[in-house]
Amino acid sequence: MSYRAPVRDIRFSLEEIAALDSVRATGAFPDFSGDLTGAILDEAAKLCNDVIAPLNWPSDQQGCTLKDGVVKTPDGFPEAYAKFVEGGWQGLQFGTEHGGMGLPRALGCALMEMLQSASMSFGLGPMLSFGAIEALIAHGSDEQRALYLPKIISGEWTATMNLTEPQAGSDVGALRTKAEPNGDGSWSVTGQKIYITWGEHDCTDNIVHLVLARTPDSPEGTKGISLFLVPKFLPDADGNPGTRNAVKAIGLEHKMGIHGSPTCTMEYAGATGWLIGPEHKGMAAMFTMMNSARLNVGVQGVGIAERAYQQALAFAQERRQGRAPGGEGPAPHAIIDHPDVRRMLSLMKAKIEAARAICFHAAVEGDLGEHHTDEDEAAWSRRREELLIPIAKAWSTDIGVEIASLGVQIHGGMGFIEETGAAQHYRDARIAPIYEGTNGIQAIDLSGRKLSMEGGRAFAELIEDIRQTVEDCETSSNPALPDLAARLRVGADALEEAVQFMSATSLEDRLAGSTAFLKLAGDVTGGWLLCVGAVAAQRRLKDGEGDARFAENRIALAGIYAETVLAATPGLLGEICLGSAPLFEPGLAMLESA
């Protein structure tokens, strides 16, 4: 059950596929360099490999406890979190003016992947703080930023997102938590929130809650929502934790997985809070948090997939069973020599690399959208990031569940036994498609707003880039790359046909096909980025740079993906174009068990 961060794979994806070096050209990161990238990844790997990863299995078995409003996290979590703070890791991607390292957010995504692989339960705490930091930077007042950002960016305090209520899940507009003015600029917040990740814990001496609530006489629905900053302890005159606020955890969720993460029911009983941004503009601030969280949850899918894959690979090399064609020595042979096991492992590895590339590409475009000096280029990057966010979140988390499930399958009966740990990865992975807007909501976003934004320009640009890579592969001297081109062209054609259908059809039919449409977009985008990596790997081979075997493996993985995933993409068109009538016209009787 050990984990070793795949530093070389991560760096290749960052630099050769996502083009991290393009961020340096903006001038926004003067201290950023390739050497620094290597040093950051190596040090993050040490923390995750040696300090956090060993806690994953024990924390799942021990879980968290709640007594008298106090949550105790699993043994070792406070000490590991102290190491995380000591390294300054929470502030990796945030500006030096607030005490951060001032590095690109793409490196923050790489760190996040390692954290989620090492322990998804542990990594959720820093992940929630990332989103809160971005919300305060974008929407907080100067006073709020000065007081709270240095504490959260250093990791000295953590932060949460308080959105969900028992009667208001994905329908945020139905929330009932209320905030009333106190007359001194502060507000009194009252209500109950559920599913609050790291809402209470023993790793820091203060927790800053970002809470959605309604003010008096606010409009119905999402237009009446405001965002409030509610600390567990009210800061004193020196900015240190002072008086205990009227907020506490009154319950811990008993979950399918992520047992080491304290998922709390929070009660606000007239707690003192401060408005973040204008009144009734909470949704704008919430979406800042949500977009950050959606990309990081996508990275979470990559992280748990990598952890499940590494364990399955190790087990397949050790487990001996049956006679495999071409197996070395007398039977029983290692199960990795059985073609079907090798097929599963190859597909797992290829899909992880595709999901990683999608997430890192989105992160780099986010950096460029914010910092590029050419406004046209910055606008292009913002469109690409917006387009990729729902794909990164939904496709990558679906892949995380699929790969964790394959990991159980490779273990066979032992995978169904808790002691091997394979089941934990599957249980942990299953929450990610639900987090931060279910994957169905991501699909609706992609097939609705993202498809139509600027007259469909974002998808047109994506398909243009894919077709350019088809040409790059066709003209390569490596005989494997023209084969990739043929499969990638098939995927591009299927995606273009799907875009045309979804752009012209009715709302009902578009909604019925949205999940299949997102899957197709993810399948093709992942394949495209693997082909980008294959072109870069071939360039390395031609120039004699780096490890030739590593480059050859990247081309081989792209080939596996092309012949399995890209080759199947036209088959998704039937589901995309099915429409809503076959789902509704038979009536509910079609769904009844007879």
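Leaving aside its neighbours within four places in sequence, which residues is W395 in contact with? Select W395 and look around: beyond those neighbours, it touches K351, A354, A355, I358, P390, L518, K519, G522, D523 and Y561. Keep in mind as you click that this is a predicted model.

**Stop 1**

W395 sits in helix α11. Is it buried or exposed? Its relative accessibility is 4%, and since anything under 20% counts as buried, W395 is buried.

**Stop 2: two helices crossing**

Colour helix α11 (residues 375–411) and helix α16 (residues 507–543). At what angle do they pack? The angle is about 105°, and the axes are 10 Å apart. Angles of 65 to 115 degrees count as roughly perpendicular, so that's what we call α11 and α16.

Next, show the side chains at the contact. From α11, pick R384, L388, P390, I391, A394 and W395; from α16, pick L518, K519, A521, G522, D523, T525 and W528. Sorted by class, this contact has 8 nonpolar, 2 polar and 3 charged residues.

**Stop 3: an enclosed helix**

Move to helix α12 (residues 422–429). Because 7 of its 8 residues are buried, α12 is largely enclosed by the rest of the structure. The buried ones are A422, A423, Q424, H425, R427, D428 and A429. What do they pack against? Select α4 (56–62), α7 (120–139), α9 (282–318) and α11 to find out: those are the partners.

**Stop 4: into the core**

In soluble globular proteins, nonpolar side chains tend to be buried together. Here, the largest nonpolar core has 169 residues, and M114, L495 and F517 touch the most other members. Zoom in on M114: apart from neighbours within four places in sequence, it contacts Y3, A5, V7, I10, L41, A44, A45 and C48. Another core, of 17 residues, lies apart from the largest one; C64, A179, I196 and C264 are among its members.

**Stop 5: rings**

Last up, aromatics. The count comes to 11 aromatic pairs. One of them is Y148 with W157: their ring centres are 6.0 Å apart and the planes make an angle of 55°, a tilted arrangement. Both residues are buried. Finish by selecting F77, Y81, F84, F122 and W198, which form one aromatic cluster.

Conventions. Residues numbered from 1 in each chain as written. Predicted model: local features only at pLDDT ≥ 70, side-chain atom pairs only at ≥ 80, totals over all residues. Heavy atoms only, no water. Axes fitted to C-alpha atoms, helices over the stretch in contact; angles between N-to-C directions. Helix = DSSP H or I, 4+ residues; strand = E, 2+ residues; numbered from the N terminus. Parallel < 35°, antiparallel > 145°, perpendicular 65-115°, else oblique. Contact = heavy atoms within 4.5 Å. Nonpolar A, V, L, I, M, F, W, Y, C, P; charged D, E, K, R; others polar. Core = buried A, V, L, I, M, F, W, Y, C linked by side-chain atoms within 4.5 Å. Buried < 20%, exposed > 50% of the residue type's maximum accessible area, 1.4 Å probe, protein only. Phe/Tyr/Trp six-rings, centres within 6.5 Å; stacked < 30°, edge-to-face > 60°.
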